[in-house]
Amino acid sequence: MLNNWVVMPTCLPTVLRRCHACASESFRANGKFRVNANHKLLDAWLLVLCTACGDTAKLTVLERMNVRSVRPELLDRMHENDPGLAAELLQDPVVRRRNRIALDWDNAWRLDTGGSDHLDRAVIDVWVRFAARIPVRPVRLIAEGCGLSRAEVERLITEGKLVSAVQLSGKLSSDFTFTLKR
Ligand SMILES: [Zn+2]
């Protein structure tokens, strides 16, 4: 039986960017947008607040776009300050590159394992699904999900009792499966 674990975001990630007012390097989005229409051209920003001084910075979402080429649904969501849209945009590599920001997901996600019943079995097959592209260490996830220490997980990998088609060292941010035999 395949068990399904989910890496779930619990809040928006911290936005890493230097504050011009206080030199802090972390911002938080509160889901607010600013939209500015000038004749037929549209600019839109996602607002982020410095976690130290509260100064507001604007992340460019749309830049001098013709109003007609913007999906009305997207405009509605920005006018409604949709926090789900803020999450989607922060995960968009194009938005991140354009605004020269990186994300810090510490304390902004949790692992849902659907209970611990499966842990007693001799062989455990797990499919880990990412509800958002959150870079995490599989060793850390497996340790948390199986109630083991990270050292024990490392040892199981070395002994060939914990196997996966992906490299379990380093970080991953997309779905993978693993098998644990004890
Ligand atoms: Zn600041």
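At what angle do the axes of helix α4 and helix α5 cross? The axes of α4 (residues 138-146) and α5 (residues 150-158) cross at roughly 110° and come within 9 Å. The structure is a predicted model, in which local features need pLDDT of at least 70 and side-chain atom pairs count only at pLDDT 80 or more, while totals for chains, interfaces and linings use all residues. Residues are numbered from 1 along each chain as its sequence is written, and side-chain values use heavy atoms, with hydrogens and water left out.

- Helices are DSSP runs of H or I with at least four residues, and strands are runs of E with at least two, numbered from the N terminus.
- Axes are lines fitted to C-alpha atoms, for helices over the stretch in contact, and angles between N-to-C directions run from 0 to 180 degrees.
- Val139, Arg140, Ile142 and Ala143 of α4 form the contact with Arg150, Val153, Glu154 and Ile157 of α5 (contact means heavy atoms within 4.5 Å).
- This contact of α4 with α5 comprises 5 nonpolar, no polar and 3 charged residues; Ala, Val, Leu, Ile, Met, Phe, Trp, Tyr, Cys and Pro count as nonpolar, Asp, Glu, Lys and Arg as charged, and the others, Gly among them, as polar.

**Helices α1 and α2**

- Helix α1 (residues 72-79) packs against helix α2 (residues 83-90) at an angle of about 115°, with the axes 8 Å apart.
- α1 and α2 are therefore also described as roughly perpendicular to each other.
- Leu74, Arg77 and Met78 of α1 meet Gly84, Leu85 and Glu88 of α2.
- By class, the contact of α1 with α2 holds 3 nonpolar, 1 polar and 2 charged residues.

- The protein donors of the zinc ion (N, O and S atoms within 2.8 Å of the metal) are the SG atoms of Cys19, Cys22, Cys50 and Cys53, which lie 2.3 to 2.4 Å from the ion.
- Cys22 lies in the loop between β2 (14-16) and β3 (26-38) and Cys53 in the loop between β4 (41-50) and β5 (56-66), so the pair ties together parts that are 31 residues apart in sequence.
- The donor residues follow the spacing C-x2-C-x27-C-x2-C.

**Alanine 122**

- Alanine 122 is located in the loop between β7 (109-112) and β8 (123-130).
- Leaving aside neighbours within four places in sequence, alanine 122 is in contact with Leu180, Lys181 and Arg182.

Technical notes:
Donors = N, O, S within 2.8 Å, 3.2 Å for Na, K, Ca; no water. Parallel < 35°, antiparallel > 145°, perpendicular 65-115°, else oblique.
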